[in-house]
Amino acid sequence: MELLLPQGKLILSRGKLPLAGLVAGGRGPDPNWLLAAMRDLPLYGADKGVEYCVRAGLYPVLACGDRDSGHAGSWEKIKAHGTKVMTYLVNKDATDLSLLLKEMPPVGTLLASGVWGGRADHLYANFLTLLQYQKRTKTPVVLLDEWEMLVFLEKGDRLSFEAQKLPKALSLLPFSPVCEVSIDGVRWPLEHDVISSENPYAVSNKMAGRKTQASCHAGIAGFYLTYKE
């Protein structure tokens, strides 16, 4: 499946339609970037992610959260626009993101923004929640905003990326104890190399040109790009 993103063209071997967008309550994406990336998609908002949607002039079809963060007026705006709103208690044994994912209808491929930045525990929980969603539903997930992008690659998955703007760095990260990966089009290519949680050495690589291809042969790897120094 070919995804035309503000950062460039991403092709996922396992991607499929329908494509949907999700905005969580982490670091808010730039409104113009969010509009360019998700304006034509059915959109889902988790807690403060609702505010990020409204800032960009977008209205989710479903919003979930305890409404403990973000501007209250954003929730009133989406309700007036016809968004289905599900409100939960602040004290609960689930995150707003996990509740939203449980309530969403099935989708083919998911673009998830508003997941970066903020506290390390929130970011770690977002990674695990979205990875488990991908594994449970067989739905490819792309985590992204204007600064960072992460794609989970499971065994047999491949991707290619053609950059509109070259990232500052590219990494392959292990999301299983051991994984076997290949990547080309970079300064330090890999061919069926093993990376692990004990030795996650495949970080801070550089694209050699505009195009790169990566694949996962065993385990689960994260294909990560950053536009930050």
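Predicted model: local features only at pLDDT ≥ 70, side-chain atom pairs only at ≥ 80, totals over all residues.
View 1. S7 spans residues 109-113 and is mostly covered, with five of its five residues buried.

**View 2. S7 and its strand partners S3 and S8.** Let's follow the pairing from S7 to each partner. Strand S3 (residues 19-23) runs parallel to S7, and the two pair over five bridges; here alanine 20 has leucine 110 as its bridge partner. Strand S8 (residues 141-144) also pairs with S7 in the parallel sense, over three bridges. Leucine 110 turns up again, with valine 141 as its bridge partner in S8.

**View 3. The crossover from S7 to S8.**

**View 4. The largest nonpolar core.** Welcome to a set of 41 residues, in which Leu10, Leu111, Val142, Phe161, Leu172 and Phe223 have the most contacts inside the core. Helix H1 (residues 31-38) supplies the largest share, four residues. Domain 1 (1-145) and domain 2 (150-224) each contribute at least three residues to this core.

**View 5. Around leucine 172.** Leaving aside residues up to four places away in sequence, leucine 172 touches Val181, Ile183, Leu190, Ile195, Ala202, Ala214, Gly222 and Phe223. Another core lies apart from the largest one; it has 27 residues, including Ala46, Leu100, Val115 and Val141.

Notes: Residues numbered from 1 in each chain as written. Heavy atoms only, no water. Core = buried A, V, L, I, M, F, W, Y, C linked by side-chain atoms within 4.5 Å. Buried < 20%, exposed > 50% of the residue type's maximum accessible area, 1.4 Å probe, protein only. Domains from an automatic or database assignment. Contact = heavy atoms within 4.5 Å. Pairing = 2+ DSSP bridges. Right-handed = clockwise from strand over helix to strand, strands pointing away.
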